[in-house]
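Open the model in your viewer and keep the selection panel at hand.

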Amino acid sequence: MTDRLTGGLLLVLSLGYAYQAKSFDVGFMADPIGPKAFPLIIAAFMFLISLYLIFKPDPEPEWPVQRVWVNKGLVLLSFVLYAYALVPLGFLLSTTLQVTFLAFMFKGKIWKGLAAAVAASLILYSIFVFLLGIPLPVGKIFGG
């Protein structure tokens, strides 16, 4: 039953996501595919997975223990806070904090997690800003 509920929810989300993606229209881009291709591909995968969950559910699903749900909730909450922190703190600081928190949640050593977070933030920032030319928020606390 839980797989069918999840499949139904995913089906509704995929249809809504595809509907929103179809509305993307950027007139100045010369790319014939446009910005809607990637979201439509994701919506198609979500749609297929939802059909699989609806028509082929697990007969005896196992629910994780309470500790796992708490950890999943904390990770979800951290991503929501990360999204809200991007503009005021900037990409580099908020990504460093997020990756460090995730390393802590997965029982990594805090200093190794912090080092990996700084490296990941700098590498991702360099890829987006210098290679792809996509500006990322610098952070209002840094004058951006």
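Two rings of Phe, Tyr or Trp (for Trp, its six-membered ring) are taken as an aromatic pair if their centres lie within 6.5 Å. The model is predicted, and a search of the whole structure gives 3 such pairs.

**Stop 1: the aromatic rings**

Select Phe91 and Tyr125. Their ring centres are 6.3 Å apart and the planes make an angle of 35°, a tilted pair. Phe91 belongs to helix H4 and Tyr125 to helix H5, so this pair ties together parts that are 34 residues apart in sequence.

Phe91, Tyr125 and Phe130 make up one aromatic cluster.

Phe130 counts as exposed because its relative accessibility is 63%.

**Stop 2: H4 against H5**

Select residues 91–105 for H4 and residues 110–131 for H5. The two helices pack at an angle of about 140°, and their axes are 8 Å apart. H4 passes H5 in a right-handed crossing. On the H4 side, the contact includes Phe91, Leu92, Val99 and Phe104; on the H5 side, Ile110, Leu114, Val118 and Tyr125 are among the residues that take part. Sorted by class, this contact has 12 nonpolar and 5 polar residues, and no charged ones.

**Stop 3: H1 against H2**

Next, show H1, residues 2–22, together with H2, residues 37–55. Their axes come within 8 Å and cross at roughly 160°. H1 and H2 are therefore roughly antiparallel, since angles over 145 degrees count as such. The crossing is left-handed. Colour the contact of H1 with H2 by residue class: 16 residues are nonpolar, 5 polar and 3 charged.

**Stop 4: Thr2**

Finish with Thr2, which lies in H1. Thr2 counts as partly exposed because its relative accessibility is 23%. What is Thr2 in contact with, leaving aside neighbours within four places in sequence? The contacts are Pro61 and Trp63. Draw a C-alpha to C-alpha distance from Thr2 to Trp63: these residues are 61 apart in sequence and 9.9 Å apart in space.

How values were computed. Residues are numbered from 1 along each chain as its sequence is written. This is a predicted model: local features need pLDDT of at least 70, side-chain atom pairs count only at pLDDT 80 or more; totals for chains, interfaces and linings use all residues. Side-chain values use heavy atoms; hydrogens and water are left out. Axes are lines fitted to C-alpha atoms, for helices over the stretch in contact, and angles run from 0 to 180 degrees between N-to-C directions. Helices (H or I, at least four residues) and strands (E, at least two) are DSSP runs, numbered from the N terminus. A crossing is left-handed if the near helix is turned anticlockwise from the far one by less than a right angle, and right-handed if clockwise. Contact means heavy atoms within 4.5 Å. Ala, Val, Leu, Ile, Met, Phe, Trp, Tyr, Cys and Pro count as nonpolar, Asp, Glu, Lys and Arg as charged, and the others, Gly among them, as polar. Buried means under 20% relative accessible area, exposed over 50%, partly exposed in between (1.4 Å probe, protein chains only). Angles under 35 degrees count as roughly parallel, over 145 as roughly antiparallel, 65 to 115 as roughly perpendicular and the rest as oblique. Rings of Phe, Tyr and Trp (its six-membered ring) pair if their centres lie within 6.5 Å; planes under 30 degrees apart count as stacked, over 60 as edge-to-face and the rest as tilted.
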